[in-house]
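Subject: Structure handover and notes

Hello,

Please find the structure for your files here.

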Amino acid sequence: MSRVVLKNVTKIYDKKKVIDNVDLTINDKEFVVLVGASGCGKSTVLRMIAGLEEITEGEIYIGEKRVNDIPPKDRDIAFVFQSYALYPHMTVRENIAFGLKMRKVDKETIEKKVQEAAAILDLGEYLDRKPKQLSGGQRQRVALGRAIVRNPKVFLMDEPLSNLDAKLRVQMRSEIKKLHEKLQTTFIYVTHDQTEALTMGDRIVVLDKGIIQQVDKPEVIYDNPANTFVGGFIGSPQMNFVDAKISGQNIEIAGICVPFEKDFEGRKFVTIGIRPEKMVSGGDIKFDVKIDMVELLGSEKIVYFTIGEKKCSAKLSAEYKLGSNLNLSINKSDLYFFDADTGVRI
């Protein structure tokens, strides 16, 4: 069983908490993605699971075993790094086999495992090449192959695609997901790219400043963000946020008064969230805005403008010009409401 459990895990650097009381259970054979901005602590969590970082407080379990004091080599995990970490003087075959050789596995078993990994990753014709003769995607597959032959309980991946170009990243996302399905083991994957998180994870863990903000399936994270951080981080372009004033059963947004049957629990102000793709025509709440910028994304355009004092965007398909006026509207059912002070979803 390859379940990974973190109980009240805290990491302190120089008297500063970089990981703050994290509780997380990753189930056997699950693909979980840790996502957040640079410096949020996601790689630190991964390195603590691997044993490459000591934890300050708390407990970590891999399977049923408490691993706090167990060295990395005995945790039955495989770590795939951002930088590939291949030996340049070794062939692909030797790189893949290196970990097994260090464990004094017999030559016949090593060769069998190398051939199996090469077949899974389509590396058979490259086994006698050196890393410098390979593309970035091929090097990353070699790094994956080195992990596969270990047959670990858990795969840990720290932004493994960040050095690849955009087209190759899309291809490798698909290959890693297929690899997970073939191997049927636990994958914990770190990225700052929310597109990777949404497309790859069975569940997503959103981190900010060392604190878990939300853990759930990708569609739940997107459709039901727990707070403004999650709403703003997950989705491209990010969710629009607009200040609103509560007056009885009415909401005032940028001078527009809208009746709304919702209990705001005595609040006088709220933050309203709206996804750019939900900015439509023919909705309940209408805005006239001036276009500040237009970005072309093939068949779609991202149009930027201001509502009140907040910069906003809409994802549209028609032709729009910089400086022109735009009539937009929002359906009440598409609005998200957040506490104006804490950012927590109401």
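Is N21 buried, exposed or partly exposed? N21 is partly exposed, because its relative accessible area is 42%, where buried means under 20%, exposed means over 50% and partly exposed lies in between (1.4 Å probe, protein chains only). N21 is not a glycine, yet it has a positive phi of about 55 degrees. The residue is found in strand 2.

Two remarks on conventions. This is a predicted model, in which local features need pLDDT of at least 70, side-chain atom pairs count only at pLDDT 80 or more, and totals for chains, interfaces and linings use all residues. Residues are numbered from 1 along each chain as its sequence is written, and side-chain values use heavy atoms, with hydrogens and water left out.

Overall picture

The chain has 8 helices and 20 strands; helices (H or I, at least four residues) and strands (E, at least two) are DSSP runs numbered from the N terminus. Along the principal axes, the C-alpha atoms fill a box of roughly 75 × 45 × 35 Å. Of the 346 residues in the chain, 47% are buried. Among contacts (heavy atoms within 4.5 Å) with a separation of 6 or more, 66% are between residues 24 or more positions apart. The chain exposes about 17,400 Å², and carbon and sulfur atoms supply 47% of that area; accessible areas come from the Shrake-Rupley method with a 1.4 Å probe, and for residues only the protein chains shown count as cover.

The sheet that holds strand 2

Two strands pair if DSSP finds at least two bridges between them. Strand 1 (residues 4-13) and strand 2 are joined in the antiparallel sense over 7 bridges, and V4 has I26 of strand 2 as its bridge partner.

All 6 of the 6 residues of strand 8 (residues 186-191) are buried, so the strand is largely enclosed by the rest of the structure. In a regular strand the side chains alternate between the two faces of the sheet. Here T186, I188 and V190 point one way, while F187, Y189 and T191 point the other way. Strand 3 (residues 31-35) runs parallel to strand 8 and is joined to it by 5 bridges, with V32 paired to I188. Strand 7 is also parallel to strand 8, again with 5 bridges, and D158 stands opposite V190.

Helix 4 (residues 136-148) has 13 residues, and at 1.5 Å a residue it should span 18 Å; its end C-alpha atoms are 18 Å apart, which agrees. The expected span is 1.5 Å times one less than the number of residues. The buried residues include Q138, Q140, R141 and R146. The cover over the buried residues of helix 4 includes strand 6 (77-80), helix 2 (92-102), helix 3 (107-121), strand 7 (154-158) and helix 5 (166-183).

Helix 1 (residues 42-50) is largely enclosed too, because 7 of its 9 residues are buried. Among them are K42, T44 and M48. After helix 1 comes G51, with a positive phi near 90 degrees.

Loops worth a look

A cis peptide bond joins S236 and P237, with omega about -5 degrees. P237 lies in the loop between helix 8 (228-233) and strand 11 (240-247).

A254 sits in the loop between strand 12 (250-253) and strand 13 (256-259). Its phi is positive, about 50 degrees, although A254 is not a glycine. A254 is partly exposed, with a relative accessible area of 43%.

F260 lies in the loop between strand 13 and strand 14 (269-274) and is buried, with a relative accessible area of 11%. Leaving aside neighbours within four places in sequence, F260 is in contact with Q249, N250, I251, K332, L335 and F337. The C-alpha atoms of F260 and Q115 are separated by 64 Å, and these residues are 145 apart along the chain.

Regards
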